[in-house]
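Here are my notes for your first look at this model. Take them one at a time, with the structure open beside you.

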Amino acid sequence: MTLGESLGVALVGLDGQLVRVEVDIADGLPGYVLLGLPDAALTESRDRVRSALVNSSENWPNRKVTVSLSPAWLPKSGSSFDLPIAIALLAAQSVIPEERSAQTLYLGELSLDGHIRGVRGVLPSLISAHKQGITTAVVPEANAVEAQLMREMKIIPMGHLRDLLRWLRLGQRAENEELQYSSPPDEKIFDFADVAGQERARVAAEVAAVGGHHLLLIGPPGAGKTMIAQRLPGILPALSRDEALEVTAIHSIAGGLSNRSPLASSPPFVAPHHSATRVAMVGGGSHVIKPGACSLAHRGVLFIDEAPECGIGVLDSLRQPLESGSITIARAIGNVTYPARFLLVLAANPCPCGKFSGRGRNCICSSHQVRRYLGKLSGPLMDRIDLRVQVDPLSRVELMASDLGESSEKIRARVIAARKVAAERFKNEEWSLNSHIPSRALRTTYQPERVAMNFLHTELDREHITARGLHKIIRTAWSLADLSGHARPTLADTEQAFLLREGLAS
Amino acid sequence: MALTNRPKSGNRTLGNFGESAVADFLSRRGSVIVDRNWRIKEGEIDIVAELPDGKISFVEVKTRSSKSFGHPLESITNEKAHRLQRLALAWLAMHQSLGREYQIDCAAVLVSLDGSFTVEYRENVL
């Protein structure tokens with residue numbers, strides 16, 4: 001038997017394609033040919049696999065080795081094919097039993113001494129393989145926690161090639177190799193109790209959490225904009241299992257699981273620096289298309305501090321995901337669609353020097369500069385932001401108050417209750433959040449009370465709001481109504497929604 | 001195979017030892033050694049043999065006294081293999097044998113300290 005095969009997975013975005021790794025060992029001069037559009041990291045696998053095999057006391061065939069990764073047309077990248085290549089090589093030499101190796105998925109990079117190293121994208125690979133009928137997978141020990149989320153499969157974490165081969169040959173495993181289902185970590189959340197004062201911003205954050213409304217915070221440095229944004233994930237409902245799986249899969253592809261537990265069920269909080277490029281924001285790359293900040297913030301909060309300092313086009317690149325909840329990235333190697341349904345929180349100083357607020361006594365900017373600064377945010381992006389709140393510097397009284405603010409736990413309980421009301425109302429609709437109600441439905445089924453509509457129509461006639469603004473206000477009003485237990489937005493709800501959106505315009 | 005006269009030192013002697021070993025090996029299998037160390041400007045053919053089936057075999061012999069520098073045959077790169085092919089054609093041309101069937105073979109001889117050695121013979125490597 002000089003033919004051996006095993007299974008690996010090639011990822012394109014979140015979608016994995018099963019890759020059959022075939023190895024043929026033929027007579028002839030010693031040589032190694034790798035077929036199937038490998039990238040640089042994969043081409044280097046030859047030397048890793050060779051050293052790993054030799055250092056695990058296995059034989060390297062000094063003959064002509066041909067490795068084929070099929071389907072051949074699909075470009076493949078990364079080091080996760082080291083392990084399936086090694087297994088197929090050994091199967092071709094008939095030194096491991098065929099039946100056990102052929103229908104098992106292998107993922108892992110090999111170190112020169114035979115250790116199996118962790119790789120990116122284990123969870124999405126497993127999900128795809130499972131969909132294609134694979135039931136058993138060998139994963140690197142380093143990725144075991146992430147892999148255990150895939151409960152529908154038999155997962156075998158392995159730390160060393162030698163252990164894996166012992167299992168393949170004898171069916172024996174050291175007892176510490178059994179998969180330990182670790183429980184989700186206690187997640188430390190930032191508590192709203194730490195925020196002193198800032199009543200309006202607190203309300204805005206709560207409304208944002210209820211209806212999924214995007215939020216803009218404007219205020220001088222040190223007023224607490226970042227504090228408030230950081231506390232937003234803590235008042236959002238925990239992710240369901242499917243949502244958490246989706247979020248972990250995206251983070252696994254980005255390779256950024258180090259600072260987020262794979263088992264975490266809290267909504268992610270992603271805060272790219274304002275110097276981020278468009279690719280960093282929406283995703284991209286030439287041979288591996290990686291998710292950007294907006295996909296990493298999927299089902300969580302995307303916070304951009306100093307938003308007016310962002311490069312031209314960076315903020316505007318968020319418009320498509322804001323609209324559709326996903327982002328499609330087109331590159332030479334293909335198109336990839338990542339989910340990107342996030343809550344956008346922008347923070348901005350009122351002017352370049354940051355002191356133009358309150359009475360603005362210390363501001364050194366010219367009026368032209370002030371106008372231009374916030375003008376960078378205007379246009380189609382601002383139109384999609386329902387809540388625009390001024391965060392003023394704390395007064396003496398607020399700072400001296402010894403009683404803490406309301407805790408995140410209490411706020412979250414209200415948010416969950418309000419979301420339940422909304423979910424009940426929308427149970428026959430395609431959407432579940434107030435911010436997603438389509439305009440057509442707002443004009444028919446989901447109108448506020450008549451007096452509230454009259455108020456809005458007057459404002460429209462006075463040209464204080466646009467038609468789109470009117471719809472945005474109604475959506476926010478629904479969230480306020482859900483919070484206060486009204487069956488339909490009242491005049492008070494609508495007026496408050498109006499203030500939360502237009503309060504800064506005056 | 002044990003041998004009393006293990007080469008003392010020097011790569012040249014080691015090489016000659018290996019080539020003789022392979023020539024012996026071929027003779028014992030019924031081949032006729034036609035030429036040894038045939039050399040022209042472009043290079044050298046270690047052994048030319050006529051196989052029992054009438055084919056001409058051109059053999060490149062690699063001899064090593066240890067495996068620590070990798071498998072002997074690994075040192076035959078693609079480029080070297082193709083030079084062997086050109087040399088083979090040149091040999092055939094000079095011996096009015098163009099058109100005869102031929103093949104390129106490689107042999108690896110591993111000599112150990114006690115003078116025993118193994119011959120690994122690969123036929124038709126191109």
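1. Read along its sequence, chain B runs α-β-β-β-α-β-β, that is, two helices and five strands. Helices (H or I, at least four residues) and strands (E, at least two) are DSSP runs, numbered from the N terminus. The radius of gyration of chain B is 14 Å, close to the 14 Å that the globule rule gives for 126 residues, so chain B is as compact as a globular protein of that length. That radius is taken over C-alpha atoms, and the rule is 2.2 Å times the number of residues to the power 0.38.

2. Before going on, please note that this is a predicted model, where local features need pLDDT of at least 70 and side-chain atom pairs count only at pLDDT 80 or more, while totals for chains, interfaces and linings use all residues. Residues are numbered from 1 along each chain as its sequence is written, and chains are lettered from A and ligands numbered from 1 in the order in which they are written.

3. How do chains A and B meet? The contact takes five residues from chain A and eight residues from chain B; two residues are in contact if their C-beta atoms, placed from the backbone, lie within 7 Å.

4. Now try A:Leu232. Leaving aside neighbours within four places in sequence, A:Leu232 is in contact with A:Ala205, A:Ala208, A:Ala209, A:Val301, A:Leu343 and A:Val345.

5. Chain A is divided into domain 1 (3–177), domain 2 (192–395 + 405–420) and domain 3 (437–506), with bounds from an automatic or database domain assignment. The C-alpha centres of domain 1 and domain 3 of chain A lie 58 Å apart.
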